[in-house]
Amino acid sequence: MPALPAALAEALGARFGPRFQTGAAIRAQHGSTTTWIETQAPDAVVFPETTAEVATIVTLCGDAGVPVIPFGTGSSLEGQVNAPFGGVSVDLTRMDRILAVHAEDLDCMVQPGVTRTRLNEYLRDTGLFFPLDPGADASLGGMAATRASGTTAVRYGTMKDMVLSLEAVMADGTVIRTGHRARKSAAGYDLTRLLIGSEGTLGIITELTLRLQGIPEGMAAARCSFPTVADACNAVIATLQAGLPMARIELLDAVTVRAVNAYSRQDLPETPLLLTEFHGSLTGVAEQAETFGEIVAGFGATGYARTTDHQERARLWKARHDLFWAVLALRPGCKGISTDVCVPISRLADCIGAAQEKAAELGLVAPIAGHVGDGNFHNLILIDPESVAEKEAAHAYIGWLNDLALSMDGTCTGEHGIGQGKAKYLAREAGPALAVMAAVKAALDPKGILNPGKMLPPPNTRPGG
């Protein structure tokens, strides 16, 4: 991998001083950090504080033909922050200002380094909140770039539904704004949605205008256990088909529940489990929870319990959010490979059942959890990093699972994104549309400097080289 050109390093050092770093440790921290994909560190890391500074970095790197890789919190799971061709990691964590809150319009403007929990802490006294919850305390810029969603997507949608407009730095250093605060527009191409989910390959997001929601008067959490995963999935399908407005509906298989009990000191029955949440008026929430209990009882649910107590709700959802670490503790010293797919809800039971059978056939420990209200589920495959056989089995399983989801008219990823890890599956899923994506990329980034080697097939040479 070529080193950073001396002239570029000198220019960045002169412009950013100590905010330009080339130390080995900090570069390694800005490679792939939470995934099984091998870390590929950048040549340097820069910490801009304004949109103008991001534009300066992109312009200098573009002139030198050097890659630019946006970095939020590093919580992405498919190698989105890796630097396979070297280059400069643009760490946006210092761009963390909440610029404006328009409570009367239910929207706000933030810089990309603001995290979802910090925004909600800031909003607490306004009676508003930002509802998306991907689990990790991700940056809002990163969430937009990967089209994140999470546990509340069944009610509130994904980032494509929550972003009104963006400011972004394009590959030539131009700064654009894709829209305004109006709730709808028929003016031109929808560039906002084009940049959402583009994973930094078309532009670097430097500001977001986000929809907000009123904090519900009432919230209730509920849990119930089932004899089989199929029973739980079919209960979810029946609930959604009945039109019950769920805020969250999460599935944990028996192995995952066992891990959560051990790690988070819960006492849940170690059979497939649904965790749910209802939002609305106090009366509406009570009615929804009661109706849900009646529906799931028809699918063999046991131990149905609900609570409106804030601390108990927080305890349940913290256990769900700690799931990654809980599952890792099942096999100390092993590494977790996290993957996700999404299928129509009518195929969910079939897909999860087949996934469990295939994992057992391959001898893999692959617990399942998922945002089953929208047909999305995750496997966390535990492998011995020293075992070639386990690695090969895991990769075979992931390929098989993606093909299965596509055969069910699903997608290779509901929320992890493509990055490096899912690129070959995107080619299968998109078909001829992949050439259209490549044409858009070539038009907006002709030098190929923006996060190269992600989403689309990687070039054979370093961009600009």
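Predicted model: local features only at pLDDT ≥ 70, side-chain atom pairs only at ≥ 80, totals over all residues.
As for the geometry, the axes of α15, which covers residues 388–407, and of α16, residues 423–430, come within 11 Å and cross at roughly 20°; because angles under 35 degrees count as roughly parallel, that is how α15 stands to α16. The crossing of these two helices, α15 and α16, is right-handed.

Now to the aromatic rings, for which the count comes to five pairs. One of these is formed by F292 and Y304, and that pair is tilted, with 6.0 Å from centre to centre and 50° between the planes. Since F292 sits in helix α11, residues 282–297, and Y304 in strand β15, residues 302–307, the pair ties together parts that are 12 residues apart in sequence. Is F292 buried or exposed? At 0% relative accessibility F292 counts as buried, whereas Y304, with a relative accessible area of 29%, is partly exposed. F292 and Y304 also belong, together with F278, to one aromatic cluster.

Another pair is that of F324 and W325, which is edge-to-face, at 4.8 Å centre to centre and with 90° between the planes. Here F324 has a relative accessible area of 25% and is partly exposed, and W325, at 49%, is partly exposed as well.

Definitions and conventions: Residues numbered from 1 in each chain as written. Heavy atoms only, no water. Axes fitted to C-alpha atoms, helices over the stretch in contact; angles between N-to-C directions. Helix = DSSP H or I, 4+ residues; strand = E, 2+ residues; numbered from the N terminus. Parallel < 35°, antiparallel > 145°, perpendicular 65-115°, else oblique. Left-handed = near helix turned anticlockwise from the far one by under 90°. Phe/Tyr/Trp six-rings, centres within 6.5 Å; stacked < 30°, edge-to-face > 60°. Buried < 20%, exposed > 50% of the residue type's maximum accessible area, 1.4 Å probe, protein only.
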